[in-house]
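Here is my note on the model you sent. Please read it with the structure open beside you.

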Amino acid sequence: MSKIKVIVAGALGRMGSEAVKTFIEHKDEFELIGAAVRDLNNVSKENLDFHKKNNINLTDDLHALIESGEADVLVELTTPDSVYENSLFALKNGVRPVIGATGLTADDIKELSKQAQKSQIGAILAPNFALGAVLMMRYAFEISKYYDKAEIIELHHDKKVDMPSGTAIKTGDLMRHSLGKEVPIHSVRLPGLVAKQQVIFGSQGETLTLEHNSIDRTCFMPGIRLSCKKVMELKQLIYGLENIL
């Protein structure tokens, strides 16, 4: 089986830097052909040396990297202001986006889905790559069939730009199909946190709580690797990792 050729966009961010490391560590399955950053002039010597040592093409021209025709998959871990454009450009150039960045609107997702079908290649949009969080969403949907009321509390680090989180929105959407109504979401942003979510169900005389904690960003890496493999088999956009497990 040939290696999957990957580009990481947002390669120096919290998630992006972990993704770069995981692809380096799994050279038997993946070839990291490029890592894209916003501005190469602002990259530290330490980071420049790290990418050079590992023979990774570090660039601030993502479009040129995509247009080179070498990549199979774009792992999109940038910011809300660039995720849609980058993902759409990838699809138009035959590269399959695995999207972990937040900020896509319902219309954005619809357009990306249309482009994936037009290009007949896969795309995966994952609000959360942690397998435990995905299982939490799945079971929240199942439990919702037996309760009338529930609320979601999501807690993240204070640098997270979106509120509520994509994971909480996706969880609420799944639960709404069973409950028949919107699920209240409460957001907390504090230093010291990575990511945590609680789904609390209430009924007469009892509560039931599902909780997932991301203690370290390495927990997202198995989901990213799985998505890069699964997206090669798809010919449409899949929203939510629970749909490929």
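1. **Basis.** This is a predicted model, in which local features need pLDDT of at least 70, side-chain atom pairs count only at pLDDT 80 or more, and totals for chains, interfaces and linings use all residues. Residues are numbered from 1 along each chain as its sequence is written, and side-chain values use heavy atoms, with hydrogens and water left out.

2. **Nonpolar core.** A nonpolar core here is a set of buried Ala, Val, Leu, Ile, Met, Phe, Trp, Tyr and Cys residues joined through side-chain atoms within 4.5 Å. Buried means under 20% relative accessible area, exposed means over 50%, and partly exposed lies in between (1.4 Å probe, protein chains only). The largest core has 37 residues. Val6, Val8, Phe23, Val75, Phe129 and Ile224 touch the most other members. Two or more residues each come from β1 (4-9), α1 (14-25), β2 (30-36), β4, α6 (131-143) and α8 (221-230). The top contributor is α1, with 5 residues. Helices (H or I, at least four residues) and strands (E, at least two) are DSSP runs, numbered from the N terminus.

3. **Phenylalanine 129.** Look at this residue's partners. Leaving out residues up to four places away in sequence, Phe129 touches Met15, Leu77, Val98, Ile99, Gly100, Cys219, Phe220, Gly223, Ile224, Ser227 and Leu241. Contact means heavy atoms within 4.5 Å.

4. **Helix α4.** Because 7 of its 10 residues are buried, α4 (residues 83-92) is largely enclosed by the rest of the structure. The buried residues are Val83, Asn86, Ser87, Leu88, Phe89, Ala90 and Leu91. They pack against α3 (62-67), β4 (73-76), β5 (96-99), α5 (106-119) and β6 (123-125). Glycine 94 follows α4 and has a positive phi, near 75°.

5. **Largest pocket.** On a 1 Å grid over the protein atoms alone, a pocket is an open set of points with protein on both sides within 12 Å along at least five of seven lines; a cavity is a set of points where a 1.4 Å probe fits but cannot get out; lining residues have an atom within 4 Å of a point. Grid points are joined across faces, edges and corners, and a volume is the space filled by probe spheres set on the points. The largest pocket has a volume of about 960 Å³. Of its 41 lining residues, Met15, Leu77, Thr78, Thr79 and Ala101 are closest to the centre. At least two lining residues each come from α1, α3, α4 and α7 (166-179). The most come from α1, with 3. The lining has 17 nonpolar, 16 polar and 8 charged residues. Ala, Val, Leu, Ile, Met, Phe, Trp, Tyr, Cys and Pro count as nonpolar, Asp, Glu, Lys and Arg as charged, and the others, Gly among them, as polar.

6. **Second largest pocket.** Its volume is about 230 Å³. There are 17 lining residues, with Thr102, Gly103, Leu104, Gly166 and Tyr239 nearest the centre. Both α5 and α7 give two or more residues to this lining.

7. **Cavity.** The search of the whole structure finds 1 cavity of 30 Å³ or more. The largest cavity has a volume of about 70 Å³. Its lining includes His156, Lys196 and His212. The most lining residues come from β9, with 3. By class, the lining is 3 nonpolar, 6 polar and 1 charged.

8. **Cysteines.** Cys219 is partly exposed, at 27% relative accessibility, whereas Cys228 is buried, at 0%.

9. **Backbone details.** The peptide bond from Met163 to Pro164 is cis, with omega near 0°; Pro164 is in the loop between β7 (149-156) and α7. Asn55 has a positive phi of about 55° although it is not a glycine. Asn55 sits in the loop between α2 (45-53) and β3 (58-59) and is exposed, at 69% relative accessibility. Gln120, also not a glycine, has a positive phi near 55°. Gln120 lies in the loop between α5 and β6 and is partly exposed, at 43%.
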